[in-house]
Amino acid sequence: MNFFKRARTRYILHRHAIAHALWAEVAEKLACLQGMTAVEKAHLRELSTLFLHEKKFFGAQELQLTDAMRVTIAIQACLPVLGFGIGCLSGWTEIIVYPGAFRIDRDDRDEAGVVHHQEQALIGESWSRGPLILSWDDVERDMQGKQSGRNVVIHEIAHKLDVLNGSANGYPPLHYGMDVTQWAASLSAAYQSLVRRVEHHHRACIDPYAATNPAEFFAVISEYFFCAPEILHAHFAEVYQQLQLYYRQDPLSRVHCE
């Protein structure tokens, strides 16, 4: 079975490889790729090729998606799994891209059974086996890295990884050898510290949206890990170390190599 899987992967990479000119054009614009080695970029290109082959993209509200737009999303979606492969992004196929922020209007039931009506504008959303939904305006904004620690694609992919354990709670399946106790202690302490700062109206060291709940905390710190690692490391060094073990990458070393 592994033989056939490897053969299929080689076939896809050979027949459907992202054109070099297109790859170079998009990769050059992505701030989150700065400092990556040629080997890392080559592997990321392969993962992005597989991602594009497996996922179906749809433009909402008459948005016309170009190849460059698809590649832009694919690269950022695959960056978090560069260290452990694209298999963890299976089980869902659709990516819906809106021109800008999109509105939701629905009823959600909390753990106590209470139904809450939600009406709000979102820039991204993801479900366990449902589609990945993105605002192109925000994807395009994040490409330039002008707002430290902001990346809607990475944020939503972090949610996809988080729910692989069954629910969105800031606790994705950890790799063999990782200390579950240390993960929980490091992230919980940082989360509680951030919540206290937000509750007391003190300046938050990272996006205060991270204090919403543990799932959003994991998604936001994942954004910072890849897009502003120096900020995350300066304020939550132990959290950075846990994410370094989980993502099997060290973005801080890329910053120092620039």
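## Helix packing and buried residues

Helix α2 passes helix α4 in a right-handed crossing. A crossing is right-handed if the near helix is turned clockwise from the far one by less than a right angle, and left-handed if anticlockwise. Helices here are DSSP runs (H or I, at least four residues), strands are E runs of at least two, and both are numbered from the N terminus.

This is a predicted model: local features need pLDDT of at least 70, side-chain atom pairs count only at pLDDT 80 or more, and totals for chains, interfaces and linings use all residues. Residues are numbered from 1 along each chain as its sequence is written, and side-chain values use heavy atoms, with hydrogens and water left out.

**The α2 and α4 pair.** Helix α2 covers residues 20-29 and helix α4 residues 67-78; they pack at an angle of about 60 degrees, with axes 10 Å apart. That angle makes α2 oblique to α4. Angles under 35 degrees count as roughly parallel, over 145 as roughly antiparallel, 65 to 115 as roughly perpendicular, and the rest as oblique. The axes are lines fitted to C-alpha atoms over the stretch in contact, and angles run from 0 to 180 degrees between N-to-C directions.

From α2, Leu22, Trp23 and Val26 make the contact; from α4, Asp67, Ala68, Val71, Thr72 and Ile75 do. Contact means heavy atoms within 4.5 Å. The residues of this contact divide into six nonpolar, one polar and one charged. Nonpolar covers Ala, Val, Leu, Ile, Met, Phe, Trp, Tyr, Cys and Pro; charged covers Asp, Glu, Lys and Arg; the others, Gly among them, are polar.

**Thr72.** This residue lies in helix α4. The side chain of Thr72 reaches the backbone oxygen of Ala68 at 2.7 Å. Leaving aside neighbours within four places in sequence, Thr72 is in contact with Val26, Leu30, Trp136, Val139 and Met143.

**Helix α6.** Eleven of the eleven residues of α6 are buried, so this helix is largely enclosed by the rest of the structure. Buried means under 20% relative accessible area, exposed over 50%, and partly exposed in between (1.4 Å probe, protein chains only). The buried residues of α6 pack against α4, β5 (124-126), β6 (132-135), α5 (136-143), α8 and α10. Charged side chains are included: Glu156, Lys160 and Asp162 are among the buried residues. At the N-terminal end, Asn151 caps α6, with a side-chain oxygen 3.2 Å from the backbone nitrogen of Val153.

His155 is found in α6, residues 152-162. A polar contact of 3.2 Å joins the side chains of His155 and His159. Such a contact is a pair of N or O atoms within 3.5 Å; within protein, one must be able to donate a hydrogen and the other to accept it, and residues adjacent in sequence count only if both atoms are side-chain atoms. Beyond four places in sequence, His155 touches Tyr209, Glu216, Ala219, Val220 and Glu223.

| Residue | Relative accessibility |
|---|---|
| His155 | 7% |
| Leu243 | 0% |
| Ile206 | 3% |
| Thr72 | 3% |

**Ile206 and Leu243.** Ile206 is found in the loop between α7 (180-199) and α8 (214-227). Val220 is 14 residues away along the chain, with a C-alpha separation of 8.3 Å. Leu243 is found in helix α10, residues 237-247. Not counting residues up to four places away, Leu243 touches Trp183, Phe218, Ile221, Ser222, Phe225, Leu232 and Arg248.
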